[in-house]
Structures are given as structure tokens and as C-alpha cells.
Amino acid sequence: MKKVSSVWRTVAIIAICLCLAVSVLYVIAVSPKQDAKKETASGETALSLWTDSAKAKEALTSYMEAITDESGADYIPVDRRVAVFDLDGTLFCETDPNYFDYTLLVHRVLEDPDYKDRASAFERETALKIVEQNASGASFVGLEVDHGQAIASSFAGMTIDEFNAYIQEFKKLSMPSYDGMLRGEGWYKPMLQVVEYLQANDFTVYIVSGTDRFIVRGIVDNSPLNIPMGQVIGSDESVVASEQADEDGLDYVFDENDQLVLGGEFLVKNLKMNKVAVIAQEIGVQPVLSFGNSTGDSSMAEYVVSNNPYKSLAFMLCCDDLERENGNVEKANRMFKLCEEHGWVAISMKNDWTTIYGDGVTKK
């Protein structure tokens with residue numbers, strides 16, 4: 001019996017040693033992966049295109065440390081980590097020489113050989129107002145809505161895929177004010193880092209733009225911004241079945257011969273208070289972070305930081321860089337002032353970013 005016990009004791013010791021060895025090997029193998037994940041979620045590493053002195057960077061990284069600390073008072077559960085971003089002037093080049101969707105309308109109505117001769121008088125008039133605005137800075141009352149309607153009517157009858165394909169081709173055109181950049185490449189690289197940083201810390205990120213929803217999706221498609229199309233919100237136009245004609249959607253039944261096509265009717269401009277309404281309708285919870293750049297985003301910013309059950313912040317980009325970007329100092333100074341008045345966090349494109357579009361892009 002003693003001999004048998006001795007054998008089993010030896011076997012047990014060997015088994016324990018093997019288990020310890022396997023455990024050590026597992027720790028060695030897994031630890032680098034865990035460290036890499038921690039590094040990815042770190043603001044210091046993730047926001048490498050931001051200057052060390054950027055107050056906005058400090059505000060965001062401090063916020064993230066607070067709301068991801070499960071033992072802290074400011075902890076936010078993952079399902080409530082929701083951030084909303086404007087597009088033009090916040091994530092993407094705003095003016096060259098005007099908004100992406102404004103320049104798209106001018107191209108469609110005044111330059112596209114397949115459509116310009118069929119454009120309506122209203123579409124041409126709207127496009128010419130944009131051309132005049134580009135040249136002189138003129139302001140036209142109601143242009144935002146007129147533009148939305150002209151976009152809807154000038155692309156009416158296209159399928160959603162055809163509209164997207166048209167946008168993809170437009171994105172291949174050169175940016176007039178920059179060398180080394182196409183129209184679809186105007187992403188602010190430091191802001192792309194912000195999105196990735198938030199996603200690495202379990203945020204759900206939405207775009208809430210004043211640009212037509214399908215145009216925003218076309219810009220996001222085949223781009224470095226990794227956001228699902230279901231998280232892209234914008235201004236809306238009607239969508240109908242290809243065989244529906246004038247029949248009401250409550251009476252018409254979609255069948256196998258139908259395709260979804262643009263209906264030609266502009267529905268809503270997603271700016272100002274409309275952004276708050278659509279966030280409530282489509283997201284369903286109050287976001288905790290807002291990123292914008294203009295007074296069109298003010299309501300969204302205030303909605304995020306007002307009476308929020310969770311720690312919240314609103315950031316506003318200020319277009320104060322005249323060397324690397326089509327900046328506007330007067331507009332930037334107004335936004336800096338609004339940030340002081342409302343407690344929003346100002347982002348200086350000039351002082352907070354080491355680059356805007358990347359080293360290969362220069363302003364003409």
C-alpha cells in the first residue's frame with residue numbers, strides 16, 4: 001500500500017507541475033494581447049495626432065478614465081455610452097468651396113452631361129445661388145431647404161444603389177483647394193482617432209448630420225470611418241417603390257418586381273432642434289457626448305449636457321486654421337465665445353492637431 005501511495009503521490013506532483021507550467025505559458029501568451037488592448041483604449045496612444053497641450057484631449061481622456069472606472073461615481077454602463085457627431089466641419093471637410101452636398105448639386109445640375117439639359121428651372125436657380133454664394137459669400141434665405149428639394153428632385157427615380165454609385169464617382173474628383181486630396185478623402189484624421197478611441201472604450205457612435213442621409217452614407221461608404229449605415233442619420237427625402245407611381249404608401253404593396261427608388265420629395269432638414277428630435281426618435285436614449293462645429297449643432301450639444309443622468313460633455317470644433325484648412329477666423333472666434341458661455345469644450349484645429357488631412361495634403 002505504501003508503494004502504491006508513493007506512486008500516486010509522484011503522479012499528483014507531476015500533474016500539479018504540468019498545470020503550473022501550462023498556466024505560466026498561458027499568462028505569457030495572453031499578457032501581450034491584454035496589454036495591446038489596454039494600449040488601444042488609452043487616449044495618450046489613440047490620440048497621437050493631438051498636441052500634448054490640447055485641452056480638449058485632456059478633457060476627453062479624463063472623462064474616459066472617469067466613466068470607465070466601474071468603482072467610480074461617474075461610471076457609465078456600456079449600453080448608455082452613446083456619442084453623436086455632426087459631419088461637415090466636425091469629421092469631414094466642410095467647405096471647398098461649399099458643403100459636399102452643395103457641390104454635388106452644382107455638379108449634377110450644371111456640369112453633368114447626362115442631366116444638365118434636363119434640370120428644372122428651380123434646380124438651376126438653386127445651383128446658381130450656390131455658385132454665387134461660393135464666389136461672393138452671399139446669403140440666401142431658405143437655401144438650405146431649397147437645396148434639399150433640388151437634391152431630391154434632381155436624383156428622383158434613381159435606386160439607392162445607383163445614387164450611392166453616383167456619389168462614389170463624385171468622390172473621385174479632385175478637391176479644388178488642396179493638392180493630394182480627392183473629394184471623398186476630406187476626413188479630419190484627428191477626429192477619426194476620436195471615433196476609434198470611443199469605440200475602443202465601448203461607445204456606440206452615431207453621425208447626426210444636416211446633409212442628406214443617403215449622401216452621408218455615400219461619403220461614409222468605402223471610407224476610413226468604421227460606422228454602420230444604421231448609425232448614420234441625416235436630412236431625409238422620400239423613398240418609394242419603382243412601380244408605385246402616385247399611389248399612397250398605405251395602399252400600395254411592394255412586390256418582387258419593385259425596387260426602392262428616390263421619390264423626389266424633400267422631407268426634413270436635420271439641423272438645430274430637428275437634430276434633437278431625430279436623436280430621440282432614432283437612438284432612443286440621451287447621448288453622453290456630442291461633437292459639432294456650428295450653431296446648427298447647438299441644440300444637440302445642449303440636449304446632451306442638460307439634465308443628463310450621466311456625466312456628459314459637448315465639444316465644438318473651431319475652424320481657426322488658415323494654413324492647412326479653409327478656415328474662418330471670425331467664425332472660429334464666435335464659436336470660441338459660445339463655448340465659454342455654454343461650457344462646451346472648444347477644439348482648436350490650429351493648435352490642437354499636429355495634422356488635419358495628413359502629410360501628403362497641402363492647401364493651394
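How many residues does helix α12 have, and what distance does α12 reach from its first C-alpha to its last? In this predicted model, α12 spans residues 329-342, which gives 14 residues, and reaches 20 Å from end to end, close to the 20 Å expected at 1.5 Å a residue. Its buried residues are A332, M335 and C339. Around the axis these cover an arc of only 60°, so they sit on the same side of α12. Strands β7 and β8 are what the buried residues of α12 pack against.

With 13 residues, α3 reaches 18 Å from its first C-alpha to its last, close to the 18 Å expected at 1.5 Å a residue. Buried in α3 are A56, K57, L60, T61, Y63, M64 and I67. Viewed down the helix axis, these residues fall within an arc of 155° and therefore line one face of α3. The elements covering them include α2 (43-46), α8 (189-200), β6 (289-292), β7 (313-318) and β8 (345-348). Exposed residues K55 and E65 lie on the face of α3 turned away from the buried side.

The axes of α3 and α8 are 12 Å apart and meet at an angle of about 5°, which means that the two helices run roughly parallel. L60, T61 and M64 of α3 make this contact with V194, Y197 and L198 of α8. By class, the contact has five nonpolar residues, one polar residue and no charged ones.

Note on methods: Residues are numbered from 1 along each chain as its sequence is written. This is a predicted model: local features need pLDDT of at least 70, side-chain atom pairs count only at pLDDT 80 or more; totals for chains, interfaces and linings use all residues. Side-chain values use heavy atoms; hydrogens and water are left out. Helices (H or I, at least four residues) and strands (E, at least two) are DSSP runs, numbered from the N terminus. The expected span of a helix is 1.5 Å times one less than its number of residues. Buried means under 20% relative accessible area, exposed over 50%, partly exposed in between (1.4 Å probe, protein chains only). The arc is that of the directions from the helix axis to the C-beta atoms. Contact means heavy atoms within 4.5 Å. Axes are lines fitted to C-alpha atoms, for helices over the stretch in contact, and angles run from 0 to 180 degrees between N-to-C directions. Angles under 35 degrees count as roughly parallel, over 145 as roughly antiparallel, 65 to 115 as roughly perpendicular and the rest as oblique. Ala, Val, Leu, Ile, Met, Phe, Trp, Tyr, Cys and Pro count as nonpolar, Asp, Glu, Lys and Arg as charged, and the others, Gly among them, as polar.
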